[in-house]
Amino acid sequence: MKNRSPLSQSFCAQILCGLLIAVATIGLAACNSNDYYKFPQFTFANRPIPPSKLANRVMVAVTVNGSQGSLQILDSLRDIRSNVQNTIPSFSISGFGAGFPNMIFNFPEQVLGYVYSNSDGSLNKIDYSKEAASGSAGTFPTSTSLAIPTSFAHIYAAEAGTGILGVLDNTTGKSYGLNLPNVYRVAVNQGDTVVLAMVRNSDTLYRLIKLNANQAAPSGAVDCQPVTLPVYCVVPVPDSPTKPSLDRPIGVYFSLDGSLAYVLNCGPECGGKTAGITLLQQGALTIDINTPPFPNAVNTSVAIPGGVTTSLSDGTTLYLAGQQLQPDGLWAGRLTLLNMSTLTPSAPISISDGNHTKMLFADDNTLWIGSQFCATGERAKLGQNYNCLTSYNLGTGAASIVPAVNPQDPNSAVPFPNANQNQWYLGDLTGLCWVEGLHKVYTAYGGQVHAFNTTDLSEINNQFIIIQGTALDVAYMDAATNAAN
C-alpha cells in the first residue's frame, strides 16, 4: 500500500474543510431565515402573532372582474408579497370572497377590520389576529358611505341607490331603513352620540334621533321607523334663520374634545354657491335630543375659497382639501390650512386636481392627500404634473405631486407605470395608508399597488408588491393607531 504524499493529504484536508464550511453555512442560513419572522417576547399591545408571521402587514382589497374579489396581504417591511424564502408565494385573508371590496374600515387598535363590497352590499368583519373573515356585519345595498364607531354598537349606511339611511343596531340585533331620498353621506362621532347624514344637491343637513319607549314620531321628522312603534327618526338640522351657512354639505370632522362638529360645505364643486365650514355644537345634536323644537346648533361659519371635500386635523390646524373653479371653467386642487383657534384660513395651496377623498399624516412631518378624476383639471390643461397624490411638508409648506413627472418632457415618465403604460399618469388614487415608523405610504393608485418613501417622496420598486387584479383600497393592519388610514 502506497503512502499519500503531504501534498495529497493537504488537498484532502482542504476538501473536507470546504465541505464542513458549506454544511455549516447552510445550517446557519436555515437558522437565519427563521429569524426573519421572529417576534419579540412581548408584542405591541399584547397583539397575537398572526399566522403569516408578518409584523408589518398591508391589506389590499382586490377585484378581478367586478364579481370576484379577495384581500391580499403584503409584507410592507420588505416590500414583498411572498415570504423571504419564497416558499409561500402570497398571503391572503382566508374565507373572504366578496366581488368588489372597494372600502376598508381599518381598526388596528381593536385588531379588526370591516370590508364593504359594492357588488353585493356585503360588509364583512376581518379578524386581523387570525387573518380570516369572521362573519357578516350586515348587508347595505348601493351604499356610497358607511360610518362605524369604535364601539361597533351601530353601523350607519347611506344607501344612495335606494334613498335609505340604514341603521344596524348591534345592541338589539335589529336593523332599520329610514327613507331619505338622495342620501349619499353619513358620519358618526367617536362616542356614537351624533349621527349626521347629507343629501345630494341639497343644503339641508340631517341628524338621527332615537325615541324613548312609546314616544310618538316628532313633528318635522322626514321619516321614522318602524312606522307603528318608531324607534329611530331622521330630522333636519336647523340652520341659522337669518344667515344660512350650510351649502351642499359633504362631510363632517368631529373635534377631538367632542364639543364641535365641523361640517364641510362643498359649495361650487357640488353645485352650490360658497365652499366653507359650518361649526355646530355637538351637544345640540346628540341622538337623545328627540323632542321638538330642536335646538339650533350653528356656532359660526367660515368661507374656504379653495374648496372643501375632505379634512384632517392635528388638534390646532384643520387641513381642508378641495377644488376651486378657475376662469377657464376648469377646476384646480387646493389645500387650505385653518387655524382652529382664530378660524383664520390660509391662502389656498396648489395640490392635485380631482375629487379629494383621502388625507392622512405620515412620517417625516408629511401630510398626504389623494383624489380621483385628476386628468381633466387645470393641471392637465397647463401641461403640469396631473397625478392624483400630493405630499405636503408640514415644516416647509411645500406641496409636491407624487410621483414627480413632467408631461411636457417626452423623456420624463413615472418610475413604475401601470399596465396601460401611460408614462405620465398613474390614474385615480382610491386607497392610502401610512406604514408607521417605516417612512412609507402604500396606495391603491390607478388600480395597482404603489408605495412611496416619506423621506424624499421617491417611489419604491413595486415589482414584488404588484397584485393580480385591480387594487381598490389598502389598509395598514399593524398600525398603533386607527388614524393610520
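Q: Which residues are linked with Arg57 in a network of salt bridges?
A: This is a predicted model, in which local features need pLDDT of at least 70 and side-chain atom pairs count only at pLDDT 80 or more, while totals for chains, interfaces and linings use all residues. Residues are numbered from 1 along each chain as its sequence is written, and side-chain values use heavy atoms, leaving out hydrogens and water. A salt bridge here is a side-chain nitrogen of Lys or Arg within 4 Å of a carboxyl oxygen of Asp or Glu. By that rule, the network joins Arg57 with Glu131 and Asp478.

Q: How many residues apart in sequence are the parts tied together by arginine 57 and glutamate 131?
A: The side chains of arginine 57 and glutamate 131 meet in a salt bridge at 3.0 Å, N to O. Arginine 57 lies in strand β1 (residues 57–63) and glutamate 131 in the loop between β6 (122–127) and β7 (132–139), so the pair ties together parts of the chain separated by 74 residues. Strands (E, at least two residues) and helices (H or I, at least four) are DSSP runs, numbered from the N terminus.

Q: Is arginine 57 buried or exposed?
A: Buried means under 20% relative accessible area, exposed over 50%, and partly exposed in between, with a 1.4 Å probe and protein chains only. Arginine 57 has 3% relative accessibility, so the label is buried.

Q: Which side chain of opposite charge is nearest to glutamate 269?
A: Glutamate 269 sits in the loop between β18 (260–265) and β19 (276–281). For charge, Lys and Arg count as positive and Asp and Glu as negative, with His and the chain ends not counted. Glutamate 269 is buried without a salt bridge, and at 9.5 Å the nearest opposite charge belongs to arginine 185.

Q: Which residue has its backbone nitrogen 2.8 Å from the side chain of asparagine 339?
A: Asparagine 339 belongs to strand β23 (residues 331–339). Its side chain also has a polar atom 3.0 Å from the backbone nitrogen of threonine 342. The backbone nitrogen reached at 2.8 Å is that of serine 341.

Methods:
A polar contact is a pair of N or O atoms within 3.5 Å; within protein, one must be able to donate a hydrogen and the other to accept it, and residues adjacent in sequence count only if both atoms are side-chain atoms.
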